Amino acid sequence: MSQPPGFADPTRPHFVCQLHRSLYGLKQAPRAWYDELFKALVSLGFRSSQVDSSLFIKSSGASLVLVLVYVDDILVTGNCNTDCTSLISHLRAKFPVKDLGPLHYFLGLKVTRSAQGMFLSQTKYVCDLLKRTDFLGASSCSTPLGSYKLDNSGDILEDVTFYRSTVGALQYLTWTRPDLSYAVNLVCQHLHQPRSNHLGAVK
């Protein structure tokens with residue numbers, strides 16, 4: 001971090017400050033937070049999943065506790081309420097934790113509970129995506145993409161940001177809409193140099 005005004009050393013103007021603590025808003029802050037949380041969870045007997053570094057698992061006997069981390073949003077679940085409550089208490093002793101109770105909405109996924117189990121939907125996520133892309137009043141179609149193959153016949157897009165962000169958002173949607181997977185995969189193949197006909201397919 002550069003020397004702040006009023007604290008600069010005139011004899012060493014090119015020196016920088018070494019941070020002993022993470023400051024919110026700096027690029028290193030998320031990494032520093034993850035390291036602290038990682039150490040805390042490992043000390044409580046959790047291990048990081050080999051497939052997803054944001055998933056932590058603790059199993060002892062019949063008890064299983066899962067912790068899913070996304071920046072500073074943490075989802076705690078398991079088959080034993082006592083173990084989940086105990087984990088939240090341990091985390092609360094080390095970090096400022098706000099317990100929001102049973103899961104209702106997490107990372108664009110809405111969770112509805114019933115006697116049959118849990119139902120996951122991304123209705124709000126889809127509505128937000130339609131608003132952001134200005135397609136809220138657009139007509140729907142029965143199939144997400146025609147049977148034709150996407151080629152490179154269209155004009156190259158000057159601004160690829162809209163295309164890439166929309167395709168990325170559609171990829172996340174395939175969690176609850178696997179029927180879109182094939183069409184989204186096709187438009188993903190043209191992320192490096194999207195053309196007007198590829199944008200048409202995305203729309």
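Keep in mind that the model is predicted.

Let's start with how the helices pack. Two packed helices are described by the angle between their axes and the distance between the axes. Take helix 1, residues 29-43, and helix 2, residues 81-94: their axes come within 11 Å and cross at roughly 135°. An angle over 145 degrees would count as roughly antiparallel, so helix 1 and helix 2 end up oblique to each other. Their crossing is right-handed. Which residues make the contact? On the helix 1 side you'll find Glu36, Leu37, Ala40 and Leu41, and helix 2 supplies Leu87, Leu91 and Lys94. Sorted by class, this contact of helix 1 with helix 2 has five nonpolar and two charged residues, with no polar ones.

Tyr34, Phe38 and Phe56 form one aromatic cluster, and the structure holds five aromatic pairs. A pair of aromatic rings is described by the distance of the centres and the angle of the planes.

The axes of helix 3 and helix 4 come within 11 Å and cross at roughly 170°, which makes helix 3 roughly antiparallel to helix 4. Helix 3 passes helix 4 in a left-handed crossing. Helix 3 brings Tyr125, Val126, Leu129 and Arg132 to the contact, while helix 4 brings Ser165, Ala169, Leu170, Tyr172 and Leu173. Of the residues in this contact of helix 3 with helix 4, seven are nonpolar, one is polar and one is charged.

Helix 4 also packs against helix 5. Here the axes come within 10 Å and cross at roughly 150°, which makes helix 4 roughly antiparallel to helix 5. Helix 4 passes helix 5 in a left-handed crossing. Tyr163, Val167, Leu170 and Gln171 in helix 4 meet Val184, Val187 and Cys188 in helix 5. Six nonpolar residues and one polar residue make up the contact of helix 4 with helix 5, and none of its residues is charged.

Most residues other than glycine have a negative phi, and most peptide bonds are trans. Val71 has a positive phi, near 55°, without being a glycine. Val71 sits in the loop between strand 3 (63-70) and strand 4 (73-78). With a relative accessible area of 48%, Val71 is partly exposed.

Asp134 is another residue with a positive phi, about 65° in this case, although it is not a glycine. You'll find Asp134 in the loop between helix 3 and helix 4. Is Asp134 buried or exposed? At 72% relative accessibility, Asp134 counts as exposed.

That loop between helix 3 and helix 4 also holds Ser139. Ser139 is exposed, with a relative accessible area of 73%.

Finally, step back to Phe119, which has its place in strand 7, residues 117-121. Phe119 has a relative accessibility of 53% and counts as exposed, because the exposed class covers values over 50%. What does Phe119 touch, not counting residues up to four places away in sequence? Its contacts are Lys110, Val111 and Thr112. As for Ala201, it lies 82 residues from Phe119 along the chain, and the C-alpha atoms of the two are separated by 30 Å.

Terms used. Residues numbered from 1 in each chain as written. Predicted model: local features only at pLDDT ≥ 70, side-chain atom pairs only at ≥ 80, totals over all residues. Heavy atoms only, no water. Axes fitted to C-alpha atoms, helices over the stretch in contact; angles between N-to-C directions. Helix = DSSP H or I, 4+ residues; strand = E, 2+ residues; numbered from the N terminus. Parallel < 35°, antiparallel > 145°, perpendicular 65-115°, else oblique. Left-handed = near helix turned anticlockwise from the far one by under 90°. Contact = heavy atoms within 4.5 Å. Nonpolar A, V, L, I, M, F, W, Y, C, P; charged D, E, K, R; others polar. Phe/Tyr/Trp six-rings, centres within 6.5 Å; stacked < 30°, edge-to-face > 60°. Buried < 20%, exposed > 50% of the residue type's maximum accessible area, 1.4 Å probe, protein only.
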